[in-house]
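Below are some notes for a colleague who is looking at this structure for the first time.

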Amino acid sequence: MEKIVGIDDIATYVPKIYLDAEEMANARGIPPGKLTKGLGIEKLSIPDAHEDAATMAAMAALKLMEKNDLQPKDVDFIHVATETGPDASKPISCYVQGMLEQIYGKGSFDHVGAPETKFACVGATYAMIDRLAYIASGWNRAPCAIVVATDIARYELNSSGEPTQGAAAIALLLKENPRLLVYEPKFTGFGTVDDRDFFRPVERKTAVVDGQYSIACYLRDMRIAVDAYKKNMINAGVLKSGQDSLVDKLGLASFHSPFPKMVQYAFADFLAHDWRNLPRWKTISRKIGPEPSREGMTDVEYYVSDDHKNFRRKFTKTEEFIKEYEEKIADSLTALRIIGNSYTASVWLGVASHLETRRDDLTGKRLGIGSYGSGSSAIVCSFIVQPEYKEVAKGIKLMKNLAERQRISMDVYEDLHEGRRQLNESVIPPKNEFALVNLGTQSHDHGYRYYRYIK
Ligand code: HMG
């Protein structure tokens, strides 16, 4: 018999400081409405001087251990996904292992496997599938695995990507018979294309991005993955080809959110693709006219074209779109609007946001995941929400942590961005948390990172 596996609990970590999007807009001479309404960003989560992707990952993992009363022997993998790891060789997962041993004792975690997965923002979804498959196979020697997604999204000052920065980590507790979400492995669809929309050569601290082009790559890969997911559902007899709508089978969904408006773009194209050959599309076409032709265009050329964007804008104003968006997507963005992009963590923070903020009973609903990573690859997969989710979700407290943050000024933000503050010059000095305290300077440890739990 196939094992039932999935996500048993979630713990999040967000830095304690943020930058207000309107303040950034004013400083950069951009109309604030472009950021708050046009892109959907209200606040950007900013890492303090003592923080990096490893400290954020360790904080999320520690929270997950503590709130579930887990002991090291209960865990056989600490698997981290990131694209902003500080070292080209040593994985963050191993730094996290060391940080957790500062709490649980030297040698307490020496039995774990600790790989790191990299594939831009889609890395954590790949890591999660690997770990769930391992548990489902019965090869695991402990009941739980932890997957942590952790990232700092950073672009050049004054660039068009700057407002889409952010930082956060999220830890997923994976096991058999989970209390939150049961994975549906048979439907999972992938879409991968070797592309250059966004990348960060090892010598750079900020990403190189072709903004509008990257949006088109996201939409293209997502469509390929959706088609694969749909085909798998049809083969499994869950969906009737040409008759059923895939979105009708979903109760809620979370998409990767580089900025919240991107999720609206993705969901609009997803709905149009899903509904195009169904009777309901005729009603919509009567209201907003036919879809523009894509003849002679590549997918990317079509997605960046003004005709497509204008049509999508009209579609997102229809009552049919608004109903689906409000019902299935909007709550995933409540937290993401005030975090910004957190790369690998983003789509999973959207899940946390849904579970924490939705007031209706989600039990038994199908949760769709649309995960995208530049470079490029999309994964579309799904879970079924479990009856015990409400109790577990109460302990996530992401919204509470976000509400407790302190606002920083543009000057402080720029100093942090440019590394002009020393490790011991944090805006909020570390307390009860892991901190990067030193960088090696000797020939044997040049650039090595030393972390300490500060009480
Ligand atoms: P842009 O090109 O300057 O923005 O930067 P725009 O001109 O496309 O405008 C955005 C929206 O604001 C539009 O809305 C405008 O109309 C509206 P729409 O019409 O499309 O609905 N607007 C306004 N609204 C109200 N008041 C105003 C106003 N002015 C304009 N005054 C861009 C946007 C995303 C390109 C830029 O921020 C960027 O380069 N960001 C980084 C790249 C990125 O986030 N790409 C997303 C897809 S790739 C991805 O998700 C992967 C990634 O996470 C990395 C990874 O995988 O590792 C990035």
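1. In this predicted model, the largest cavity is lined by 19 residues. Ala268, Asp269, Phe270, His273 and Tyr303 are the ones nearest its centre. Its volume is about 170 Å³, and the count of cavities of 30 Å³ or more comes to four.

2. Helix 7 gives the most to the lining of the largest cavity, namely six residues. Helix 6, helix 7, helix 9 (299–304) and helix 10 each supply at least two. By class, this lining has 11 nonpolar, two polar and six charged residues.

3. The second largest cavity holds about 110 Å³ of space. Its lining includes Val226, Tyr229, Leu246, Phe255, Phe270 and Gly370. Strand 13 (366–373) is the main contributor, with three residues. Helix 6, strand 12 (252–255), strand 13 and strand 14 (377–385) each give at least two. The lining has 10 nonpolar and two polar residues, and no charged ones.

4. Phe255, part of the lining of the second largest cavity, also belongs to the largest nonpolar core, which has 109 residues. Phe255 is among those with the most contacts inside this core, together with Ile7, Ile10, Met128, Phe315 and Trp348. Leaving aside neighbours within four places in sequence, Phe255 is in contact with Tyr218, Met222, Val263, Ala266, Phe267, Phe270, Ile329, Val347 and Gly370. Another core, of 35 residues, lies apart from the largest one; Met56, Val80, Phe109 and Ile152 are among its members. In soluble globular proteins, nonpolar side chains tend to be buried together.

5. Which residues lie nearest the centre of the second largest pocket? They are Leu39, Thr164, Gln212, Ile215 and Phe259, out of 39 lining residues. The space in this pocket is about 910 Å³. Helix 6 (211–235) gives the most to the lining, with five residues. Helix 2 (32–39), helix 6, helix 7 (260–275) and helix 10 (306–315) each supply at least two. The lining is made up of 16 nonpolar, 14 polar and nine charged residues.

6. Three strands form an open sheet with mixed pairing, in the order 3-2-15. Strand 3 (43–46) and strand 15 (406–407) are the edge strands, each pairing on one side only. Strand 2 (residues 17–20) pairs with strand 3 in the antiparallel sense over four bridges. Tyr18 has Ser45, in strand 3, as its bridge partner.

Note on methods
Residues are numbered from 1 along each chain as its sequence is written. This is a predicted model: local features need pLDDT of at least 70, side-chain atom pairs count only at pLDDT 80 or more; totals for chains, interfaces and linings use all residues. Side-chain values use heavy atoms; hydrogens and water are left out. On a 1 Å grid over the protein atoms alone, a cavity is a set of points where a 1.4 Å probe fits but cannot get out, and a pocket is an open set with protein on both sides within 12 Å along at least five of seven lines; lining residues have an atom within 4 Å of a point. Grid points are joined across faces, edges and corners, and a volume is the space filled by probe spheres set on the points. Ala, Val, Leu, Ile, Met, Phe, Trp, Tyr, Cys and Pro count as nonpolar, Asp, Glu, Lys and Arg as charged, and the others, Gly among them, as polar. A nonpolar core is a set of buried Ala, Val, Leu, Ile, Met, Phe, Trp, Tyr and Cys residues joined through side-chain atoms within 4.5 Å. Buried means under 20% relative accessible area, exposed over 50%, partly exposed in between (1.4 Å probe, protein chains only). Contact means heavy atoms within 4.5 Å. Two strands pair if DSSP finds at least two bridges between them.
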